[in-house]
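Have a look at the fold before reading on.

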Amino acid sequence: MISQQIVEEVLQEAKRKGATAADLVLIENELVTAQVRLRETETLRSAKEVRLGLRLFFDKRSATSSTSDLSKESLARLVEDTAVLAKAIAHDECSGLPPAEECAKSIPDLHLYDPDGEALTVKDQIDRARAAEDAALSYDSRITNSEGAEFASNLYRIIYGSSQGFLGEYRGSTFSLAVTPIASSEDGMQRDHWYSRARHLGAMEPPEAIGKRAAERALRRLGARKIKTQEVPVIFDPDTAANLMRIFCSALFGPALYRGASFLIDRLGDKIAAESISIYDDGTLPGHLGSKPFDGEGLPTCRNAIVENGVLRSYLLDSYSARKLGMKPTGSAARGAGDSPTPWPTNFYLQSGSYEPAEIIRSVDAGLYVTELIGFGVNLVTGDYSQGAVGFWIEKGELTYPVEEITIAGNLKEMLLGIEMVGNDLTFRSSVVAPTLKIRRMTVAGH
């Protein structure tokens, strides 16, 4: 069992070696995955891992290193080696820890850990995966194959401490279940999937419901057609709208901004999206997948208003990128054991709108409803956007037939301003989410 005492001892050793500042993160993971395919257990993985990541500063020089060996000899060697590295690194005026007064003063209980996960056996996990796949395979005779189902659980503990006097820890858990069935007809085969992910077992969808939804999604893709290239309204379902939010999020990160690699440089206070668009990043939501009481530098997480009524209000910054940009950090630092902190979203979401998804579909005379995006064709410098897509053709306000082998293209700047309708179907199935979205016009390239 890892303890705060290890953190304190390493920080003391760093001070003895002459470090002007130091911080470290101690991560303990217990990850179990169970995969079944065609009702047979295919893979079982169980891994327990402990890693310690240390960052040392010698004035404005710093280095980061990590180890999984927590013996006293190994930790002393880690401090020694990291000190040598740090002294050899070039001076960087923006290097350093956040001020002590900015660190979290308390550690709220955000209900991130489910103790029921400790009693979850491998058999339980296999049974849940098998039940989900069985529900998919039994749903319709046209479900003829499966890429399998997987149940995964992760129980973890994070301790962070710094020479600024901050020392805190929290526990977390995540559980996920996904299934990918294959449907067949005279026209060929189609696959699709569905999943549920939550911090608490009780918040997950039942395995049978996941399997049934996955089967329905695969079946509705049978008989997919190609369409001609044209400019039409495009509706993104919640999963593909979330994909758009992930791309948008990447343009908000400090490193992209100070390296000149984002179309959002110097846009704070500008209208960048339709007035109906408000986007938030909130690490304080109890029980949510992206929540945490403090970030990777000991700063408290908070609710950051990113876009309000179409106006860009904030970026996502760690301490280093904030200094580079002459701004303040946003409590957005994330950190793996072997890495320096970098900005990352917590619970990043586009606020729900007032339209029923069916109402949004009815508003389109001819257009595309997107259910899957393929590849990554985005230039964050210019905003140019192009991705392969799968979905359904809309005629006179109704989904008429599935379409495939198409590409949708536009520019993120125009796409954000061109959002005409926002759905009321926001659900937090991951840490970056969005409801159904309708964009006024995009190029749909077919044949």
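In which helix does Gly254 lie? Gly254 belongs to helix H6, residues 254–258. Helices here are DSSP runs of H or I with at least four residues, strands are runs of E with at least two, and both are numbered from the N terminus.

A word on the source: this is a predicted model, in which local features need pLDDT of at least 70, side-chain atom pairs count only at pLDDT 80 or more, and totals for chains, interfaces and linings use all residues. Residues are numbered from 1 along each chain as its sequence is written, and side-chain values use heavy atoms, with hydrogens and water left out.

**Around Gly254**

Gly254 is buried, at a relative accessible area of 0%. Buried stands for under 20% relative accessible area, exposed for over 50%, and partly exposed for values in between (1.4 Å probe, protein chains only). Leaving aside neighbours within four places in sequence, Gly254 is in contact with Leu316, Leu317, Ser321, Leu325 and Pro343, where contact means heavy atoms within 4.5 Å. Asp318 is 64 residues away from Gly254 along the chain, yet 7.2 Å separates their C-alpha atoms.

**The whole chain**

The protein chain has nine helices and 20 strands. Its radius of gyration is 24 Å, close to the 22 Å that the globule rule gives for 447 residues, so the chain is as compact as a globular protein of that length. That radius is taken over C-alpha atoms, and the rule is 2.2 Å times the number of residues to the power 0.38. The C-alpha trace spans about 70 × 55 × 35 Å along its principal axes.

Of the 447 residues, 52% count as buried. Among contacts with a separation of 6 or more, 72% are between residues 24 or more positions apart. The accessible surface comes to about 19400 Å², and 48% of it belongs to carbon and sulfur atoms; areas come from the Shrake-Rupley method with a 1.4 Å probe, and for residues only the protein chains shown count as cover.

**Strands and pairing**

Two strands pair if DSSP finds at least two bridges between them.

| Strands | Bridges | Sense |
|---|---|---|
| E9 (residues 279–282) and E14 (residues 348–350) | three bridges | antiparallel |
| E5 (residues 167–185) and E6 (residues 188–191) | four bridges | antiparallel |

Within E14, Tyr349 is the bridge partner of Tyr280. In the other pair, Ser184 stands opposite Met189 in E6, and a hairpin of two residues joins E5 to E6.

**Two loop residues with positive phi**

Which phi does Arg39 have? Arg39 has a positive phi of about 70 degrees although it is not a glycine. Arg39 sits in the loop between strand E1 (21–37) and strand E2 (40–58), and is partly exposed, with a relative accessible area of 36%.

Asp266, also a residue other than glycine, has a positive phi near 60 degrees. Its place is the loop between H6 and E9. Is Asp266 buried or exposed? Asp266 is exposed, with a relative accessible area of 70%.
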